Amino acid sequence: MLVKRRVDAPPGYFAVEAAGLRWLQVPGGVPVVRPVAVHDDALVLPRLTEVAPTAGAAEELGRRLAVTHAAGAPHLGSPPAGWEGDGYIGPLVLPLRAGTDWAPWYAEHRLLPYLRLAHDTGAVTAEQSAVVGRVLDRLVADPGAGGAAEPVARLHGDLWNGNVLWTAEGVVLVDPAAHGGHRETDLAMLALFDLPHLTRVLAAYDEAAPLAEGWQERVGLHQLHPLLVHAALFGGGYGSQAAEVAARYA
């Protein structure tokens with residue numbers, strides 16, 4: 001067994017992760033690690049053996065991820081079933097607040113909180129913050145800035161390369177920040193940190209559940225959230241990277 005432990009875990013830190021893992025267990029969707037036990041300061045999970053990524057497993061991931069997303073959620077910002085209140089992305093609070101239009105909801109609950117944190121820690125300069133701020137203003141003013149309206153998707157929410165485990169039985173997902181959102185967000189995060197065989201994943205997904213026109217041009221917009229989260233947590237070049245991406249949409 002694998003024990004994830006955090007002695008200073010805030011209330012619900014592991015409980016909401018476990019709820020997300022259970023919520024993401026969708027028939028025909030991407031397999032998700034099943035929690036064995038949940039404690040205030042720890043989460044017990046089965047230990048998985050990883051293998052080398054393959055093109056076939058990548059295509060299966062794309063098809064199954066489309067099924068997971070299609071399972072839906074009651075609304076934007078919806079928490080996983082059985083949970084009330086906010087969640088977490090890494091050690092940071094993830095607001096799980098309801099919304100109706102994706103663009104203003106994304107600005108208020110996925111960009112602004114982490115822009116403020118990154119600015120407060122010095123990871124984003126005043127000039128860089130202003131660039132990102134212009135994107136927030138655009139999203140709030142134009143609900144169509146995120147493309148055509150789509151059904152709310154059931155998101156993993158932290159779907160970077162490290163949370164995609166390649167096993168002999170196929171891909172298994174771990175460490176979610178699960179919530180209701182826009183399906184392009186999960187796909188954009190897969191692209192941010194160079195998932196192996198990403199082209200095959202996206203092609204299989206698009207074949208199973210065709211993506212909306214212009215989705216390629218919106219990848220950077222969806223990547224702003226994880227970039228600002230990383231800037232708030234790690235500083236380094238993530239703040240400048242976020243500003244560079246934001247400049248394309250400001």
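Student: What covers the buried residues of α1?

Tutor: The cover includes β1, β2, β3, β4 (87–89), β6 (153–155) and β9 (179–181). Buried means under 20% relative accessible area, exposed over 50%, and partly exposed in between (1.4 Å probe, protein chains only). Helices are DSSP runs of H or I with at least four residues, strands are runs of E with at least two, and both are numbered from the N terminus.

Student: What kind of model is this?

Tutor: This is a predicted model: local features need pLDDT of at least 70, side-chain atom pairs count only at pLDDT 80 or more, and totals for chains, interfaces and linings use all residues. Residues are numbered from 1 along each chain as its sequence is written, and side-chain values use heavy atoms, with hydrogens and water left out.

Student: Back to α1. How many of its residues are buried?

Tutor: 9 of its 11 residues, which leaves α1 mostly covered. Among them are Phe14, Glu17, Leu21 and Trp23.

Student: Where does α1 lie?

Tutor: α1 (residues 13–23) lies across β1, β2 and β3, at about 30° to β3. Axes are lines fitted to C-alpha atoms, for helices over the stretch in contact, and angles run from 0 to 180 degrees between N-to-C directions.

Student: What's the strand order in that sheet?

Tutor: β1-β3-β2, an open sheet of 3 strands with antiparallel pairing. β1 (2–5) and β2 (37–39) are at the edges with a single partner strand each, so one side of each has no neighbour in the sheet. Neighbouring strands are turned by 15° against each other on average, direction ignored.

Student: How many bridges join β2 to β3?

Tutor: 3 bridges, with β3 covering residues 42–45. Two strands pair if DSSP finds at least two bridges between them. Ala37 sits opposite Val44 in β3.

Student: New topic: which strands does a hairpin join?

Tutor: β7 and β8, through 2 residues. β7 (residues 164–167) and β8 (residues 170–173) pair antiparallel over 4 bridges. Leu165 stands opposite Val172 in β8.

Student: Now helices. At what angle do α5 and α6 pack?

Tutor: About 165°, with axes 10 Å apart, for α5 (residues 183–192) and α6 (residues 198–208). That makes α5 roughly antiparallel to α6. Angles under 35 degrees count as roughly parallel, over 145 as roughly antiparallel, 65 to 115 as roughly perpendicular, and the rest as oblique.

Student: Which residues make that contact?

Tutor: Arg183, Leu187, Leu190 and Ala191 of α5, with Leu198, Val201, Leu202 and Tyr205 of α6. Contact means heavy atoms within 4.5 Å. By class, 7 are nonpolar, none polar and 1 charged. Ala, Val, Leu, Ile, Met, Phe, Trp, Tyr, Cys and Pro count as nonpolar, Asp, Glu, Lys and Arg as charged, and the others, Gly among them, as polar.

Student: And α4 with α8, how do they cross?

Tutor: At roughly 40°, with the axes of α4 (residues 126–141) and α8 (residues 238–247) coming within 9 Å. That makes α4 oblique to α8. Gln128, Val131, Val132 and Val135 in α4 meet Gly239, Ser240, Ala242, Ala243, Ala246 and Ala247 in α8. The contact has 7 nonpolar, 3 polar and no charged residues.

Student: Last one, the histidines. Is His69 buried or exposed?

Tutor: Buried, because its relative accessibility is 4%. His69 is in α2 (residues 55–70). Beyond four places in sequence, His69 touches residues including Arg183, Asp186 and Tyr205.

Student: What does His109 touch?

Tutor: Pro95, Arg97 and Tyr114, not counting residues up to four places away in sequence. His109 is in α3 (residues 102–120). At 9% relative accessibility, His109 counts as buried.
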